Amino acid sequence: MSLDAYPRVSDWITMDGERLLIHTGKVDIGQRISNALLRIVQEELAVPPSKVGFAPVRTGTAPDEGITSGSNSIEQSGRAVALAAATLRKHLLSLAATQHGGDYSDWSLVDGYVHRAGSNLRIALTDLARALPFDLLVDATLPRHVADSAPVPAMRGITKMVEGRFTYVHDLDLPGMWHARRVSPPHTKATLREIDQTAIDRITANGMHIIRDGSFLAVAGPSEWNVVKAASSLGLACTWNSGGGLPETDVFARFTTEHAQRFPVISGTPQKAPVPDPLPTPDLSARFERPYQMHGALAPSAALAEWTGDRLFLKSHSQGIYPLREAIADSLDLSPEQVEITHVPGSGCYGHNGADDTAFEAALIAMAHPNTPILLKWSREDEHAWEPYAPAMAVQVDAILTDGHITTLSAETYSDTHRGRPRPGPGRAGPAKLLANRFRTDALAPYVSPPNMGTHAGMHRNLDPIYDITETRLVKNLVQGLPHRTSAMRCLGAVTNIFALESMMDKAARSAGIDPISFRRAHLSDTRAIALLDELERRLATLPTLADDMGRGIAYAQYKNAMTRVGLAVDLTVTDAAKVILNRVTLIADAGRVIDPDGLVAQLEGGVMQAASWALYEEVTWDRDGITSRDWDSYPVIRFDNVPDIDVTVLTDNNHRSVGAGEASPGPTVAAIANAIFAATGLRLQRMPFTPNTITQAAFDL
């Protein structure tokens, strides 16, 4: 995809003095894509890390690679950069032979130089590269070069991050810059009725400005603390029409066929066709549920904007700066060329949090104050109450067993949309997905997303079991009109679907009297999957025997049925107070050819911890007056006191292509935790999070 739109070597690699400059449209949000791209260039061109830099990811100059999502960065940007580097390698060696004699095979790349064997002739790679044509096309047929060794670069920026010196978007400080804060309504149904004039007069008398566009309200001024106090004071001076408040209905009760648009799913792809009848007499049946959950970024969203009177400059931690540019330009009656967005890191979120919304809100304020940089930050309450959530989901799974083998499986998944990013589309889809446009004078109605019919997309991601099952009945049920704005969070529907399918695999294995690894292995013909489970079994055999109060859960999955394979075991303890203590995670992964081993392990470990937090702690709560989970007490996340030992083994094979790994471990982690709780207590928990109250209630319900 990336090479089709950007076919030249110079689209991906250019010279910057004595350095190579890598160009990418993928942004680094903690997943270390920049390290992986750097290592790809190192392998191909034998250049030291100090001689490689990165061009800013900026609209108009960076390749438009859409959104950094779906674990696609290595397969898209990585492939493009690798082929550009391979093409550059081939032409550098050919040019050296042409200019300085010898055969092509006499020349090699060493430590940033082009070197001729048996001589002292060394030419700086960058000097030779400048002689190549700017429009040199990438040769997509070239093989990857496998280096014998290459220096391992440290994670870019990690030292400054650890020392507190890294510049995030929140830390930007420009001459003449003003700070801004939004004044939030109580909830999405509320509209602004009036503001006490006394408060307005007091705020403006103190040198601050109030920006109002319908029910969108903000305060801006040169002093950040004064702006924070003024925004709080202005909020207390507002009177709101409640619009009836938020619906307090049971979302899970809405996950039924009569409320849904229904599509059969075949080979991971929804079909516009009649839905097959349910299984008449399944041997096993269970429904699994996940509540609304947040991204929970450690720093709330922020953005910086400046309007010059002709052009709008934005700095944002958005994961999709090109779609965001289109949406903001459309919202403000500008051409896309008038809007420039540069990615500046936030605290990371792995999905669609408030980054796009804060960029647009900063732009609204900047448009009212030309030639003044505006740094807008959401508060913690803003982030928790207003970011797009991961949708609540439910999955009904039914199975028929024959001779200890699942021969028929039915899985129906229910959810609202996972597509809330401000991509352009019919009906001004981009602007309609930006939060502030719901509240402006010329308000846009919330966007109603059509069903996502892509392969392993949205709610049906990983609904299709990876196992060899003779007959499957898979159904996507899109349920809309639910209380909250939803969008993409790490793994989309895969977490809930894998939780459901792997819990059923565990339930079926116990029903058949077969150990969980052997049961899964018997349902697989993929030799790489079998080898992975064999290695997991070997690793577990070396561990100490579990204590009497502990349980072990097993799970296996392959993200999107095409990317990284992960098998893992979770060992945990359930205390007398029904608290889950995570003791150990043993994880085996197969991601094909590994570019950045440390980065891959970090992704797998991070996925385990985020999934453990979802499984044990996280749930959005609300009442008619608004979101009630607005801080880290009302929305708890996993803390350091429940971090297990994590042992990761990566199976590497350079004969297989690199595949995405950033979202491979969360799904099986949730499932393994649920299966381990069953092993420890005999309780099959089917709704996240698995809190002490949930476990206690399940015990009473036995």
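1. Two strands count as paired when DSSP finds at least two bridges between them. By that rule, strand 23 and strand 24 of this predicted model are joined by ten bridges and run antiparallel. They form a hairpin with five residues between them, and in the turn Ala-578 has a positive phi of about 70°.

2. Among the bridge partners here are Ala-557 and, in strand 23, Val-566. The hairpin of strand 22 and strand 23 has six residues between the strands, and Lys-560 in this hairpin takes a positive phi near 60°.

3. How many of the ten residues of strand 23 are buried? Ten of the ten are, so strand 23 (residues 565-574) is largely enclosed by the rest of the structure. In a regular strand, side chains alternate between the two faces of the sheet. Here Arg-565, Gly-567, Ala-569, Asp-571 and Thr-573 point one way, while Val-566, Leu-568, Val-570, Leu-572 and Val-574 point the other way.

4. The whole structure holds nine aromatic pairs. In one of them, the ring centres of Phe-288 and Phe-499 lie 5.3 Å apart with the planes at 75°, so the pair is edge-to-face. Phe-288 belongs to strand 14 (residues 284-290) and Phe-499 to helix 13 (residues 494-512), so this contact ties together parts that are 211 residues apart in sequence. Phe-288 is buried, at a relative accessible area of 1%, and Phe-499 is buried at 0%.

5. Tyr-292 and Trp-622 make another edge-to-face pair, because their planes stand at 80°, with ring centres 5.7 Å apart. Tyr-292 sits in the loop between strand 14 and strand 15 (302-307) and Trp-622 in strand 25 (residues 622-623), so the pair ties together parts 330 residues apart in sequence. Tyr-292 has 2% relative accessibility and counts as buried.

6. Ring pairs also link Phe-252, Phe-255 and Tyr-414 into a cluster. Two arginines lie over ring faces: Arg-290 over Trp-614, at 4.5 Å from the ring centre, and Arg-684 over Phe-678, at 4.2 Å.

7. On the surface, Ile-158, Met-161 and Val-162 form a nonpolar patch with about 250 Å² of accessible area together. Val-162 is placed in helix 5 (residues 158-163). Is Val-162 buried or exposed? Its relative accessibility is 67%, so Val-162 counts as exposed.

Conventions
Residues are numbered from 1 along each chain as its sequence is written. Side-chain values use heavy atoms; hydrogens and water are left out. Patches are made of residues with over 30% relative accessible area and no salt bridge: like charges are joined within 9 Å, nonpolar side chains (Val, Leu, Ile, Met, Phe, Trp, Tyr) within 5 Å. Accessible areas come from the Shrake-Rupley method with a 1.4 Å probe; for residues, only the protein chains shown count as cover. A salt bridge is a side-chain nitrogen of Lys or Arg within 4 Å of a carboxyl oxygen of Asp or Glu. Helices (H or I, at least four residues) and strands (E, at least two) are DSSP runs, numbered from the N terminus. Buried means under 20% relative accessible area, exposed over 50%, partly exposed in between (1.4 Å probe, protein chains only). Rings of Phe, Tyr and Trp (its six-membered ring) pair if their centres lie within 6.5 Å; planes under 30 degrees apart count as stacked, over 60 as edge-to-face and the rest as tilted. A charge sits over a ring if NZ of Lys or CZ of Arg is within 6 Å of the ring centre and within 35 degrees of the ring normal.
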